[in-house]
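Subject: Structure handover and findings

Dear colleague,

Please find the structure below, together with its sequence.

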Amino acid sequence: MHLHLRVLLLLALALVFAGCAPRETPADAGVRTGTLIIGNGAEPADLDPQTMTAYTDGNIHMALFEGLTALDEEKLTPLPSSAERWDVSEDGLTWTFYLRETLRWSNGEPVTADDFVQSWRRLVSPAIAADNAYLLYPVKNAEAINGGSITDFSQLGVTAPDARTLVVTLEQPTPYFAMLTANVATFALNPRVLEKFGAMERRGTAWTRPGNLVGSGPFQLKDWAPNQRVIVEKNPHHWDATSVALSSIVFLPTDNPDVDERNFRAGQVHATLSLPTAKVAGWRERDPAKLRIDPLSQANFIRFNTTRPPFDDVRVRRAFALSIDRETLARTVLQGTRAAATALTPPNTGGYTARAKVPTDFETARRLLAEAGFPGGRDFPEVELACRNDEIQPKLAEAMQAMWQRELGVRITLTQSEQKIWLQNQQSRSYTLSFGSWLADVPDPGNFLGLFRSDGGYNWTGWSDPDYDRLIAEAEPLADPPRREELFQQAEARLLEAAPITPVFNGAATYLLDPRVEGWPPSQLGWRRYQLVRFRR
C-alpha cells in the first residue's frame, strides 16, 4: 500500500475509534481536576451564616467559613478548628479559646479574637434579628441584648484580651458550649468587610457577593450565578491549606430530587442532596455501593398555628395528632428509609430518649373532635396543610389528608411552595397547618425542646406555657444528668399533650454518592468538613 494511503487509513481508523470512545462526564472531569460537584437542593437565600435558616445554605457556609471548633461527623465530639485549644473554669462559667497563630482571612488578613467579638455582637443584634441568635443565649447578657433590654453591646460576655485569646463568660454552665461554637451561625465574619457594605446592622447587603465575600474557611467564593450554581475554590490562606485536597466545589441548586438523581446517573454530579423514596429499592438492588442512608438527628413534625381556629383548641390539635398512622407512612410513603416518630426528640439524643409518646388512636381522636364541636367532622372548616415542594412532604401530605378525611371526616387542602416561601410563611404565622422540621445544632434534648419556649426563635406556633418554659430553663444548665433528663422528660410530655406540634418521622439522609469520593463519613447533623473530602484515583 502506498505510504500516503496507509497514513490516510490510519487517520480514518483513529477518528472512528475516537468517536466510539466514551466522552468524559463532568463527574469524571471533576475527579481528574479535584472539583467536587454536589446537588444542593434549594437556591441559597443568602451566603450570610448569621441569617441562614436552611440546611442547604449552611452546607455552603461550611466551606466558606470556620468556627472556633468543628464537630467530628460521626462521634459529634468537638475538635479544634480556628481555636487550637480551650480551657474551662471549674465553675463552668468561663471558657477561654486560644486561636491559631496562622489563622487568616481569605484576603490574607489575620483572623483575630476581636473579629469573633464583633461577629458575636452582630449575631445577637436586634437589628439583624437572626433566628439563630439563641445559640449564644448561654453567653452573659446575650439574650438581654438580643431582646433589646440591654443596648450596650460591650456588656456581651465575650472579650479579646489579645489578638489570639477569646474569653467567653456564660450566664450558666453549658457543658456542650464547645459544640455550639461549631455551628455556622457562630462562625467569625470579617468586621471590616461588613462595615464596608453597611452589613453590621443590615441584612441582605452585597458583602456576600463574589468579589466581596471574605471568609476564613478552607474554600473561598468564586462564583454565584443565582438558580444555576455556587462555585467555591481552595483558599490558599487557610491555616491548613496544604491538607485540602479539592481544588473547588460546585453546589447546584437542584430543587427536584428526580432531576438530581438523573444528574447522578448521567455523571453530572458526585453527590445528590436526596434520593426519591420511590427509587430507593431500585438502587438497593442495582447498585447499592452508591446508595447512602445515614441517620440524622432530625425531627419532622406537623406544626399547628394555635392562634387560628380551629387549632386554638387543644382537643382539635390532639385529634389530628392521634389520627396519624405513622408506621404506615414510614413503611409505604417513606419506603422504610426513615423511622416513624412518636416524640419530638429523636431517640438517643445525647443519651436521652423520650418516655412520652403520641400513639395512633382513632377512637380517642374522633371523641376529642366531637367534644370540640365537630362530631364526625361536621361543620369543620376547610383548612390548608402547607408543605415544601420537595419529594417527600407532598406525598406525606396526600397520605395524611386521606387519613384525616377517613378517620375524622374533615377536609384538608394542600398547598406547595418553594423552601424560602414555606419558611417565611411559618415565621410570619401565615399558615394554619404546616410541615416543620428541625435538624439539631447540638446532640442535646434541650436543642429540640427549647424550640418551643414562649420566646423560642423557632416557636412559630403561637403556643405558650409558663410551666413548660420553667422546666426547660431549669433543665438546661444542670450538671446533674439524671435530674436534667427528668426535667426534659416532663417538658416533652407536656409538649406532646398540648400538641402545638405533633411528630411524624425521624430524619435520615438518603442520597447517592460516587464511590470515588472519600472522607465522607455519615454525619448525624448533616454538616460536612469539606477540607477532608478527596477523590480516590
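The notes below go from the overall architecture to individual helices and residues.

Conventions

This is a predicted model, in which local features need pLDDT of at least 70 and side-chain atom pairs count only at pLDDT 80 or more, whereas totals for chains, interfaces and linings use all residues. Residues are numbered from 1 along each chain as its sequence is written, and side-chain values use heavy atoms, with hydrogens and water left out.

Overall architecture

The protein contains 17 helices and 17 strands; helices (H or I, at least four residues) and strands (E, at least two) are DSSP runs, numbered from the N terminus. Its radius of gyration is 25 Å, close to the 24 Å that the globule rule gives for 537 residues, so the protein is as compact as a globular protein of that length. The radius is taken over C-alpha atoms, and the globule rule is 2.2 Å times the number of residues to the power 0.38. Along the principal axes, the C-alpha trace spans about 100 × 60 × 40 Å.

Of the 537 residues, 56% count as buried. Here buried means under 20% relative accessible area, exposed means over 50%, and partly exposed lies in between (1.4 Å probe, protein chains only). The accessible surface comes to about 22100 Å², and 51% of it belongs to carbon and sulfur atoms; these areas come from the Shrake-Rupley method with a 1.4 Å probe, and for residues only the protein chains shown count as cover.

Among contacts with a separation of 6 or more, 69% join residues 24 or more positions apart, a contact being heavy atoms within 4.5 Å. As to charge, there are 56 positive and 65 negative side chains, and the centres of the two sets lie 6 Å apart. Lys and Arg count as positive and Asp and Glu as negative, while His and the chain ends are not counted; the place of a charge is NZ of Lys, CZ of Arg, CG of Asp or CD of Glu.

Helix H2 covers residues 26-33, and its buried residues are Ala-27, Ala-29, Gly-30 and Val-31. The buried residues of H2 pack against strand E1 (35-39) and strand E17 (534-535). After H2 comes Gly-34, with a positive phi near 80 degrees.

Helix H13 (residues 393-408) has 16 residues and reaches 21 Å from its first C-alpha to its last, close to the 22 Å expected at 1.5 Å a residue; the expected span is 1.5 Å times one less than the number of residues. Buried residues in H13 include Leu-396, Ala-397, Met-400, Met-403 and Trp-404. Gly-409 follows H13, and its phi is positive, near 75 degrees.

Backbone features in loops

The peptide bond from Pro-309 to Pro-310 is cis, with omega near 5 degrees. Pro-310 is placed in the loop between strand E11 (291-304) and helix H10 (314-322).

Gln-335 is a residue other than glycine with a positive phi, near 55 degrees. It lies in the loop between helix H11 (326-331) and helix H12 (362-371), and is partly exposed, with a relative accessible area of 33%.

Ala-499 also has a positive phi, near 55 degrees, in a residue other than glycine. Its place is the loop between helix H17 (481-498) and strand E15 (501-512), where Ala-499 is buried, with a relative accessible area of 1%.

Individual residues and their contacts

Ser-437 belongs to strand E14 (residues 433-439) and is partly exposed, at 23% relative accessible area. The C-alpha atoms of Ser-437 and Gln-298 are 139 residues apart along the chain and separated by 7.1 Å. Leaving aside neighbours within four places in sequence, Ser-437 is in contact with Gln-298, Ala-299, Asn-300, Phe-301 and Trp-422.

Gln-524 sits in the loop between strand E16 (517-518) and E17, and counts as partly exposed at 35% relative accessibility. Apart from neighbours within four places in sequence, the contacts of Gln-524 include Glu-73, Glu-74, Pro-295 and Leu-439.

Asn-425 is found in helix H14 (residues 419-427) and counts as partly exposed at 29% relative accessibility. Not counting residues up to four places away in sequence, Asn-425 touches Ser-430 and Tyr-431.

With kind regards
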